[in-house]
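We will go from stop to stop, selecting as we go.

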Amino acid sequence: MTRKQIHLAAHFPGVNNTTVWSDPEAGSHIEFSSFVRLAQTAERAKFDFFFLAEGLRLREQNGQIYDLDVVGRPDTFTVLSALAAVTERLGLAGTINSTFNEPFEVARQFASLDHLSAGRAAWNVVTSWDAFTGENFRRGGFLPQDQRYERAETFLRTAWELFDSWRGDELAADAGTGVFLRDSEAGAFAHHDAHFDIEGRFPVPRSPQGRPVIIQAGDSDEGREFAAATADAIFSRYGTLEAGQAFYSDVKGRLAKYGRTPEQLVILPAATFVLGDTDADAHERAHVVRRQQVSGQTAIKFLEQVWNTDLSGHDPEGPLPATDPVVDGSTIAPGRASVRMYRDPVATAREWRQLAEAKNLSTRDLIIEVTGRQTFIGSPATVAAAIDDLVQADASDGFILVPHVTPGGLDEFADTVVPLLQERGSFRTEYTGSTLREHLGIEAPRG
Ligand SMILES: Cc1cc2nc3c(=O)[nH]c(=O)nc-3n(C[C@H](O)[C@H](O)[C@H](O)COP(=O)(O)O)c2cc1C
């Protein structure tokens, strides 16, 4: 039996504290050279795709721009289109919101990217709905939370109708007869529902993948159902054995009712990593990285998100605040998904106080302990074994790796871990296909 193959993607470092912009090795998060460097490293390592997250509004806390993490990022389509010109096989995945955009425009952009990249485009469909982000758009925060997936699903199905409005054989370009288009119906579409009322002609002929790869990142029940019904890949938060296996069997178990098989949805948790010559060396480095990621100021900002109040005077080297979090429906950090993770802040505060007392931790040490520890820490052999074991145990189908340094943070992984995965027979040594669908082994459904 052939060994289950691992899928790997490279996440361009994001605008949260995972990214250590203050590292002496760190470069620009805006300049094209950084994107090129990371993408070309991922391609050299034969990764499936390169991934761009998206945030449509600069982060704020307490009414001010959040300036401890990277601030600002360029437009997704512009960056991916430019990367299409400096890579040949690597998939190019962009996160694009279905709440604040329109299907015609998004379909046109993805079909174009798929043409420019010869079949390497992927769309991570996200459903962020908050009114804070919406203020950047004409319609403001117009969508209630419970309608975001309804809109996302009809948005995506409308985009599919647009992609499918060209079959692929309409262009004759016959110099003898002077006829360019052989089918006068090419690109015709009509879609009418509660969210979209559009009818016309789609201007982009069928792209190499037909339908670009669809990625989903929602975690709610609705999000998982949407993924089971529509997505080719899912970006999850569950990178450990137990949580990964639970998520994997839950989501794959939902596919049959949509007439799909488990192989038609690739599950890729986000993963961070710290390597070292030995496991001990890696753990030492991981400790240093966590202290870079959580400065005293950052610890206070995290604390404020749970306590929901200004704690700028609090000493990060001292104990947690004795007062309870403010729970009054307001939020000090609007639009921030991580804040919604703490559904019961008073209970969270109690747990954190108990943990800090039991382990004698300062505020900063506590935040280092309870937020974002690295997924993989160890020598290349240890990390390769951990990744392979998780994939073979159906905790995932691979990982979306998030380096903590831009743009060189993937180099060591590419040079040391990837060859070991290849030796194990679990990861490709060469690309066998040219489109992203071929890398993932998932054919496009055709409407
Ligand atoms: C691993 C992961 C990464 C995500 N990345 C983004 C992102 O870059 N931009 C964004 O707007 N939303 C992002 N999201 C948010 C989701 O797509 C979705 O909008 C959000 O999780 C709310 O849906 P849910 O309630 O189904 O989880 C991400 C979610 C997950 C789980």
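Two residues are in contact if their C-beta atoms, placed from the backbone, lie within 7 Å. Keep that rule for the whole tour. This is a predicted model, where local features need pLDDT of at least 70 and side-chain atom pairs count only at pLDDT 80 or more, while totals for chains, interfaces and linings use all residues. Residues are numbered from 1 along each chain as its sequence is written.

**Stop 1: the annotated residues**

Zoom in on Tyr 149. Tyr 149 sits in helix α5 (residues 148–163). Helices (H or I, at least four residues) and strands (E, at least two) are DSSP runs, numbered from the N terminus. Which residues is Tyr 149 in contact with, leaving aside neighbours within four places in sequence? Select Thr 127, Glu 222, Gly 223 and Phe 226 to see them.

Is Tyr 149 buried or exposed? A residue is buried if 20 or more other C-beta atoms lie within 10 Å of its own, exposed if 12 or fewer, and partly exposed in between; C-beta atoms are placed from the backbone. Tyr 149 is buried, because 20 other C-beta atoms lie within 10 Å.

Now move to Ser 220. Look in the loop between β11 (213–216) and α6 (221–230). Ser 220 has 12 other C-beta atoms within 10 Å, so Ser 220 is exposed.

**Stop 2: the barrel**

Show the cartoon. Eight strands close into a barrel, with parallel pairing, in the order β1-β2-β5-β6-β11-β12-β13-β16. Two strands pair if DSSP finds at least two bridges between them.

Select β1 (residues 7–11) and β16 (residues 398–401). These two strands pair in the parallel sense over four bridges. Pick Ala 10, and find its bridge partner, Leu 401, in β16.

Next, select helix α2 (residues 76–84). Helix α2 packs on the sheet, touching β2 (49–52) and β5 (91–97). The directions of α2 and β5 make about 170 degrees. Axes are lines fitted to C-alpha atoms, for helices over the stretch in contact, and angles run from 0 to 180 degrees between N-to-C directions.

**Stop 3: the two domains**

Colour domain 1 (7–276 + 374–440) and domain 2 (295–370). Domain bounds come from an automatic or database domain assignment. The contact takes 10 residues from domain 1 and 10 residues from domain 2.
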